[in-house]
Amino acid sequence: MAALGGDGLRLLSVSRPERQPEAAALGGPGPGLCCWVSVFSCLSLACSYVGSLYVWKSELPRDHPAVIKRRFTSVLVVSSLSPLCVLLWRELTGIQPGTSLLTLMGFRLEGIFPAALLPLLLTMILFLGPLMQLSMDCPCDLADGLKVVLAPRSWARCLTDMRWLRNQVIAPLTEELVFRACMLPMLAPCMGLGPAVFTCPLFFGVAHFHHIFEQLRFRQSSVGSIFLSAAFQFSYTAVFGAYTAFLFIRTGHLIGPVLCHSFCNYMGFPAVCAALEHPQRRPLLAGYALGVGLFLLLLQPLTDPKLYGSLPLCVLLERAGDSEAPLCS
């Protein structure tokens with residue numbers, strides 16, 4: 001994720017002449033207390049989100065429809081209440097963002113169409129190789145595939161599939177709401193936008209460790225394989241979380257990260273090993289390389305804040321004296 005770096009991810013706490021501490025500039029407590037409150041609030045949110053999955057006692061595996069339905073209920077309740085944590089954080093720190101709470105969390109109409117389309121397009125470009133691989137291995141041609149995708153019966157079948165609803169709708173919406181829209185506004189005044197991009201995904205990655213307990217419980221693999229898989233999952237969920245945090249900051253919208261999350265859940269982790277053994281290996285690997293190259297080339301232009309109007313988190317940092325926050329330009 002080097003493209004997320006550059007000047008955009010430098011610490012925003014670099015010394016500047018006559019700059020006031022963040023919390024002091026906003027009329028709240030000292031920056032130390034502000035950071036402690038922010039980190040504790042984020043940790044509480046992460047624990048509440050994961051804990052809500054286990055309020056139901058069941059001997060059934062996590063993919064059973066009955067388990068999924070129950071978890072839908074609890075996770076939707078926690079996600080709906082998560083903005084109250086941001087509200088409480090605002091009251092405890094005394095920080096006044098200069099905008100409404102919903103706007104700060106990415107719920108706004110200004111620039112919503114480019115915010116929905118451009119981040120998704122950028123993510124699809126990154127997955128150019130896997131999309132080519134999917135097309136090559138699909139038994140139907142493009143016309144038949146489009147008919148299936150656009151058929152109302154196909155969508156009705158998806159909407160009654162609990163696993164599809166979890167992976168494509170509920171998980172992307174609730175996870176981005178809790179781990180991006182709620183956490184980033186609390187972390188940004190404490191440490192700046194750049195460090196927040198990398199700190200916020202750590203809560204997201206750790207939150208996925210709960211899968212270890214279910215895998216051990218149902219003996220789905222050896223202990224070593226389970227922990228190795230968990231470490232790998234933590235790594236790529238943290239990287240993905242940094243990417244969607246970057247999108248959230250640069251667009252000021254929640255819809256882009258949610259759509260990208262849903263798309264990535266559908267695609268899964270790129271099957272690079274299968275691509276290396278594919279009969280059409282050369283064009284496929286060229287597609288992988290081209291996708292990554294175009295992604296790095298288009299990352300900054302397609303997330304240019306000028307396309308999305310005023311950015312709530314940047315307004316928050318400007319009030320804290322960070323008028324030169326690199327991710328805001």
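Helix α5 passes helix α15 in a left-handed crossing. A crossing is left-handed if the near helix is turned anticlockwise from the far one by less than a right angle, and right-handed if clockwise. Helices here are DSSP runs (H or I, at least four residues), as are strands (E, at least two), numbered from the N terminus. The model is predicted: local features need pLDDT of at least 70, side-chain atom pairs count only at pLDDT 80 or more, and totals for chains, interfaces and linings use all residues. Residues are numbered from 1 along each chain as its sequence is written, and side-chain values use heavy atoms, with hydrogens and water left out.

Stay with this pair. Helix α5 covers residues 112–126 and helix α15 covers residues 281–302. They pack at an angle of about 160 degrees, with their axes 8 Å apart. Axes are lines fitted to C-alpha atoms, for helices over the stretch in contact, and angles run from 0 to 180 degrees between N-to-C directions. The angle makes α5 roughly antiparallel to α15. The cut-offs are these: under 35 degrees is roughly parallel, over 145 roughly antiparallel, 65 to 115 roughly perpendicular, and the rest oblique. On the α5 side, the contact is made by Leu118, Leu122, Ile125 and Leu126. Helix α15 brings Gly291, Val292, Leu294, Phe295, Leu298, Leu299 and Leu302. Contact means heavy atoms within 4.5 Å. By class, this contact has 10 nonpolar, 1 polar and no charged residues. Ala, Val, Leu, Ile, Met, Phe, Trp, Tyr, Cys and Pro count as nonpolar, Asp, Glu, Lys and Arg as charged, and the others, Gly among them, as polar.

Now turn to a second pair. Helix α3 (residues 65–93) and helix α9 (residues 162–191) pack at an angle of about 15 degrees, with axes 10 Å apart. That makes α3 roughly parallel to α9. Their crossing is left-handed. Residues of α3 in the contact include Pro65, Ile68, Phe72, Val75, Leu76 and Trp89. Among those of α9 are Met162, Leu165, Ile170, Leu177, Val178 and Pro189. By class, the contact of α3 with α9 has 18 nonpolar, 3 polar and 3 charged residues.

Step back to the whole protein. The secondary structure comes to 16 helices and 0 strands. Of the 329 residues, 45% are buried. Buried means under 20% relative accessible area, exposed over 50%, and partly exposed in between (1.4 Å probe, protein chains only). The accessible surface comes to about 16600 Å², and 68% of this belongs to carbon and sulfur atoms. Areas come from the Shrake-Rupley method with a 1.4 Å probe; for residues, only the protein chains shown count as cover. Among contacts with a separation of 6 or more, 80% join residues 24 or more positions apart.

Ala275 sits in helix α14 (residues 272–276). Its relative accessibility is 0%, so Ala275 counts as buried. Leaving aside neighbours within four places in sequence, Ala275 is in contact with Gln133, Arg281, Leu284, Leu285 and Tyr288. Ala275 and Tyr288 are 13 residues apart in sequence and 9.2 Å apart in space, C-alpha to C-alpha.

Leu202 lies in helix α10 (residues 193–207). At 43% relative accessibility, Leu202 counts as partly exposed. Leu202 and Thr237 are 35 residues apart in sequence, and 8.7 Å separates their C-alpha atoms.

Leu102 belongs to helix α4 (residues 101–104). Leu102 has a relative accessible area of 52%, so this residue is exposed. Leu102 and Pro312 are 210 residues apart in sequence and 9.9 Å apart in space, C-alpha to C-alpha.
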